[in-house]
Amino acid sequence: MSRTLEVVKSLQLTEAALVGCSIAENDHPAWSPDADYAAAERCIVGHMIYEAIALGSNLGQPPATSPDYWQVVGPTNRWLAFDLSSTTRTTFDESAWYEIKPGQAVTSVVLRALRGVSAVQLRVTDPDYGEVVNETRTVSSLPSESSWWAWTFERTEPGTEALFDDLPAYPNATLRLDLTGISGAGVGVIAYGPKRALGKGVRWGLKMGIEDFSFKERSPQGDAYLNQGPAADTVSLNFLVDSVAALNTHA
């Protein structure tokens with residue numbers, strides 16, 4: 001028995017596509033060519049955060065093109081949700097919104113690695129047809145495992161995902177995402193784009209797990225300590241593909 005593998009081909013968010021956002025981009029000051037930054041000082045260039053390296057004066061050295069003087073830290077808080085990494089999060093207090101105009105049809109929107117988020121609302125508005133989608137997903141808590149015992153007696157785990165699927169295709173529409181949660185809530189991944197079916201189907205035997213980046217170390221006295229790090233979701237599966245389609249696939 002098999003089912004078709006469906007994936008969302010995520011579109012890259014550009015500055016032009018981000019129409020608006022409630023999250024301020026004030027993590028650090030913007031880079032100034034007239035400033036000489038001390039070691040470990042940070043600045044923002046093009047929605048990326050850079051940190052100064054202690055190698056003498058960096059006056060007039062652009063962070064994006066001067067690796068001897070600067071190292072990349074990562075996207076600003078506003079843009080972290082679009083780096084497609086579930087180990088980093090855009091954080092906000094209680095509520096946040098994004099308005100995105102992709103410039104092409106979007107049939108699926110996926111939010112992953114949610115933390116402290118209770119609900120996500122998606123509104124899709126077309127300039128000619130008005131509001132064509134207004135849906136809300138409640139991010140429900142789930143039991144730690146799928147069993148009657150867990151459902152009845154064990155504590156629940158907070159929900160971490162929200163999916164909006166089979167959306168009508170309006171190439172000129174604007175997407176508005178409203179997130180509601182607690183203080184310090186966060187979203188790790190916001191992906192949007194057309195949904196695509198791959199191959200003839202997925203075989204039985206799909207395996208899901210995590211890759212854990214925590215590590216153990218021992219003190220000089222021999223005591224063991226766990227340094228907890230992030231974890232990445234992993235999946236292993238086999239699916240059927242026509243030989244012609246496989247030959248025409250490009251990396």
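**Two residues with positive phi.** I began with D166, which sits in the loop between β12 (162–164) and β13 (174–187). The model is predicted, so I read every value here as computed from that prediction. D166 has a positive phi of about 55 degrees, although it is not a glycine. That made me stop, as most residues other than glycine have a negative phi. Is D166 buried or exposed? D166 has a relative accessible area of 59%, and the cut-off for exposed is over 50%, so D166 counts as exposed.

I then looked up A113. A113 also is not a glycine and has a positive phi, of about 55 degrees. Its place is the loop between β7 (108–112) and β8 (115–126).

**The chain as a whole.** I stepped back for the totals. I logged two helices and 20 strands for the chain. The chain has 251 residues, and 30% of them count as buried. For the accessible surface I wrote down about 15600 Å², with 51% of it belonging to carbon and sulfur atoms. I also checked contacts between residues at least 6 apart in sequence: 66% of them join residues at least 24 apart.

**Rings.** How many aromatic pairs does a search of the whole structure find? I got three. The one I followed up joins Y37 and W70: the ring centres are 5.1 Å apart and the planes stand at 70 degrees, so I filed the pair as edge-to-face. Y37 lies in the loop between β2 (18–21) and β3 (42–45), while W70 belongs to strand β5 (residues 70–75). The two are 33 residues apart, and the pair links distant parts of the chain. Both Y37 and W70 are buried.

I looked at one more ring, that of W97. R176 lies over the face of W97, at 4.3 Å from the ring centre.

**N58, beside that pair.** I wanted to know what N58 touches. Leaving out residues up to four places away in sequence, N58 is in contact with A35, D36, Y37, A52, Y69 and W70. Both members of the ring pair, Y37 and W70, are thus among the contacts of N58. N58 itself is in the loop between β4 (48–52) and β5. Its relative accessible area is 0%, so I logged N58 as buried.

**P29.** I went back to the loop between β2 and β3, where P29 is found. P29 has 56% relative accessibility and so counts as exposed. Apart from residues up to four places away in sequence, P29 touches R42, C43 and I44.

**Empty space.** Rolling a probe the size of a water molecule over the atoms shows where empty space is left. I searched the whole structure and found one cavity of 30 Å³ or more. About 60 Å³ of space lies in the largest cavity. Which residues line the largest cavity? I listed P102, Q104, A105, V106, V124, V133, L167, P168, Y170, A173 and L175.

Terms used: Residues are numbered from 1 along each chain as its sequence is written. This is a predicted model: local features need pLDDT of at least 70, side-chain atom pairs count only at pLDDT 80 or more; totals for chains, interfaces and linings use all residues. Side-chain values use heavy atoms; hydrogens and water are left out. Helices (H or I, at least four residues) and strands (E, at least two) are DSSP runs, numbered from the N terminus. Buried means under 20% relative accessible area, exposed over 50%, partly exposed in between (1.4 Å probe, protein chains only). Contact means heavy atoms within 4.5 Å. Accessible areas come from the Shrake-Rupley method with a 1.4 Å probe; for residues, only the protein chains shown count as cover. Rings of Phe, Tyr and Trp (its six-membered ring) pair if their centres lie within 6.5 Å; planes under 30 degrees apart count as stacked, over 60 as edge-to-face and the rest as tilted. A charge sits over a ring if NZ of Lys or CZ of Arg is within 6 Å of the ring centre and within 35 degrees of the ring normal. On a 1 Å grid over the protein atoms alone, a cavity is a set of points where a 1.4 Å probe fits but cannot get out, and a pocket is an open set with protein on both sides within 12 Å along at least five of seven lines; lining residues have an atom within 4 Å of a point. Grid points are joined across faces, edges and corners, and a volume is the space filled by probe spheres set on the points.
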